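Dear colleague,

Please find below the structure that I am handing over to you. A summary of the findings follows it.

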Amino acid sequence: MEPQEASAVEATGSVESRQVLAACNLCEAICGLVLTIEDRPRGPHVTSIRGNDDDPLSRGHICPKGVALADVYEDPDRLRRPVRRVGEGANAEWVEISWDEALDRTADGIAAAVNRGGRDALGVYLGNPNAHSLGAQTHGVQMIKTFKTRNKFSASSVDQVPHQFVAWQLFGHQLLIPIADIDRTSYFLVFGANPMASNGSLMTVPDFPQRLRELRRRGGRMVVLDPRRTETAKVADEHHFVRPATDAVVLLAMLHVIFEEELTDPPAYVAGIESVRLAVADFTPEYAAQASGVPAGVIRRIARELAAADGAAAYGRMGLSTQGFGSICQWAIQCLNILTGNFDREGGVLFTEPAVDIVGKAIVGRGHHDAWRSRVRGVPEFAGELPVSVLREEIETPGEGQIRAVLTVAGNPVLSTPDGPHLGEALAGLDFMAAVDIYLNETTRHADVILPPTTALEREQYDLVFHTLAVRNTARFTPPVFEKPKDAMHDWEIFREIALRTNARLDRKKPMAKLLTERVSLSVSPSALVSTLLLTGRRTTMRALRSHPEGVDLGPLRPTMPGRLQTRDKLIHLAPDLILADLGRLRRTTDAQIAAGPAEGELVLIGRRHQRDNNSWMHNSERLTRGKPRHQLLMNPADLAARGLTDGARVRVASRVGEVVTEVRGTDDMMPGVVSLPHGYGHDAQGMRLSRATKVVGVSINDLTDPERLDVSGNAALNGVPVTVTAT
């Protein structure tokens with residue numbers, strides 16, 4: 001496949017410079033890019049990256065991560081050939097091997113575990129980058145299906161499962177998630193989200209800063225509730241501190257006001273409204289104020305403003321999902337939008353109509369819950385995955401179904417999931433581990449074999465997921481910028497080979513027809529699959545996308561209800577049993593917290609992310625780690641003074657599961673009683689073969705987060721963890 005070049009080609013001395021259109025796959029914003037490339041004697045070199053003004057979704061926007069995309073391609077730390085580990089721990093060495101040897105070793109290790117212990121002896125973990133790779137979406141999922149293991153885990157259960165859990169119950173599909181119509185809304189209510197840093201999450205909204213300026217020019221307002229004065233809170237029209245893990249009672253109190261003051265205006269296809277009214281009757285603003293610190297008058301006023309606005313959207317993200325009542329929070333957000341008449345309304349929240357409709361065509365399953373449970377703790381699965389919080393115990397606990405081999409794909413759970421250090425110890429005790437990854441990191445250092453795929457600039461891309469979650473209907477296919485090296489493999493090719501070679505080594509053989517079907521489906525290229533899927537949607541074609549690599553505009557979001565609903569009766573059942581049953585736990589927990597107050601010396605820990613970070617990786621990128629240090633524990637100055645601590649001092653932060661030592665920074669951006677550490681941060685160079693000194697020091701919040709703290713959906717409660725902070 002030929003790389004897609006723009007028309008401009010100019011001579012610069014003896015070196016030719018050309019411009020190529022590309023796309024960033026590092027975050028959900030999926031920004032269109034223009035790369036300037038020099039063809040040097042030693043090979044092509046990216047000299048600049050800028051946003052593509054012609055991209056109909058990103059409109060020329062680019063963030064620091066996009067500028068650093070070429071750094072990943074050229075990174076001397078990146079693995080380019082498969083390696084195997086020789087030795088253990090700090091004395092381990094990594095030896096390059098051939099692709100055939102790496103794939104055979106991987107298949108041998110997986111098959112040996114399954115032949116001895118059954119299908120569930122294999123555990124699979126998928127990291128966040130899988131959602132950003134076409135090959136992972138088309139072939140990675142298919143590879144995992146061939147294993148038939150129930151021990152499947154992903155980053156979703158430390159990130160977003162409450163969104164999917166609620167969407168499945170209300171709208172009939174886990175990815176039928178309402179999107180804020182940010183380009184036309186007049187009132188944007190934000191709970192626990194930081195789109196100024198993320199450019200949206202489960203709401204693909206590139207160039208949020210410009211879109212916020214446009215909202216203001218329309219006379220609109222943005223109101224933010226968050227325990228930290230985030231980058232988004234600082235530019236909001238209004239910000240209110242809210243104690244971590246109490247957002248649910250604030251949201252329910254807003255619903256209480258909507259009912260009490262008869263401000264409801266729901267669509268006709270909504271059932272269960274009276275059940276919701278009864279469920280929130282006792283969650284008054286005064287009660288919520290005691291728990292959250294948000295004044296009752298503020299709660300009432302915001303509820304009224306949301307109901308009265310000419311097009312309003314309530315949105316909650318990471319801060320809501322990563323707490324013990326994340327599903328109640330996301331349900332309450334949807335109830336606010338639906339009951340105030342802002343659902344399926346321009347300027348409110350709407351569903352996308354993507355060119356490849358992974359929801360309507362059932363390309364991704366609807367979702368299901370409690371079809372099986374984890375072996376040790378008995379935690380229900382959701383949508384075929386178990387919570388990653390149970391992974392360690394499933395490895396360490398003997399018995400039938402014990403995980404003895406693990407395959408990770410583009411993930412670093414030791415740095416990004418609860419109680420990561422102890423998970424690392426469990427991985428070190430496996431019979432076998434393999435990783436499909438481009439880096440040695442805190443997780444892959446435990447692997448026996450690492451198989452590195454090509455990077456974003458060497459492969460084709462179509463964003464199946466993020467076009468489904470975008471604030472505008474667009475489509476874009478991106479050919480590879482660079483030819484695949486002769487000694488490299490794309491991720492989808494690696495997945496195909498692992499699946500087929502493992503099949504051949506299993507004692508329990510599959511029927512020949514099944515084997516042939518799997519071989520054929522795994523051998524079709526991702527772009528061929530996308531071409532076929534585009535034909536089913538009839539909104540654009542692969543030919544049109546290849547002719548317009550900047551992307552094709554399919555128009556703004558528009559009302560689609562009730563036809564777009566995936567429920568069998570085309571109704572939204574607003575009072576699902578799984579959510580209402582959890583309200584009792586919320587009430588008991590809140591009552592106890594109000595009665596007891598904070599424990600002596602105890603603080604509450606929350607995470608944070610930064611625009612220059614990419615979850616648990618890119619922390620060794622020199623370009624992205626310049627500037628002020630951002631690894632410190634953030635603490636309100638009053639909390640510093642109460643403990644006799646000084647700004648910049650080294651402190652010990654301890655939770656039930658562990659402790660870390662880091663520097664503390666005093667800031668009024670933190671709510672009193674709340675402290676913050678970065679999510680998935682820092683790199684420990686031990687055993688990781690970094691080519692230069694690690695640029696980032698620091699610890700991850702997940703050295704302290706507790707795997708026993710779960711939402712009803714199974715999502716990890718990373719926020720709201722009780723900790724103590726003392727001088728070292």
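**The largest cavity**

The lining of the largest cavity comprises 23 nonpolar, 18 polar and five charged residues. In these classes, Ala, Val, Leu, Ile, Met, Phe, Trp, Tyr, Cys and Pro count as nonpolar, Asp, Glu, Lys and Arg as charged, and the others, Gly among them, as polar.

Please note that this is a predicted model, in which local features need pLDDT of at least 70 and side-chain atom pairs count only at pLDDT 80 or more, while totals for chains, interfaces and linings use all residues. Residues are numbered from 1 along each chain as its sequence is written, and side-chain values use heavy atoms, with hydrogens and water left out.

A cavity is a set of points, on a 1 Å grid over the protein atoms alone, where a 1.4 Å probe fits but cannot get out; a pocket is an open set with protein on both sides within 12 Å along at least five of seven lines; and lining residues have an atom within 4 Å of a point. Grid points are joined across faces, edges and corners, and a volume is the space filled by probe spheres set on the points.

The whole structure holds eight cavities of 30 Å³ or more. Two or more lining residues come from each of α2 (69–74) and α18 (491–505); α2 gives the most, with three residues. Helices (H or I, at least four residues) and strands (E, at least two) are DSSP runs, numbered from the N terminus.

**The second largest cavity**

This cavity has about 100 Å³ of space. Its lining has 13 residues, and P178, A314, Y315, I333 and Q334 lie nearest the centre. The contribution of α14 is the greatest, at four residues. By class, the lining has eight nonpolar, five polar and no charged residues.

**The second largest pocket**

The volume of the second largest pocket is about 830 Å³. Among its 32 lining residues, P244, Q593, P598, E602 and V604 lie nearest the centre. α23 gives the most to this lining, with seven residues.

**The barrel**

Six strands close into a barrel with mixed pairing, in the order β26-β30-β27-β29-β28-β31; two strands pair if DSSP finds at least two bridges between them. Strands β28 (residues 650–654) and β31 (residues 721–727) pair in the antiparallel sense over four bridges, and V651 has A727 in β31 as its bridge partner.

Yours sincerely
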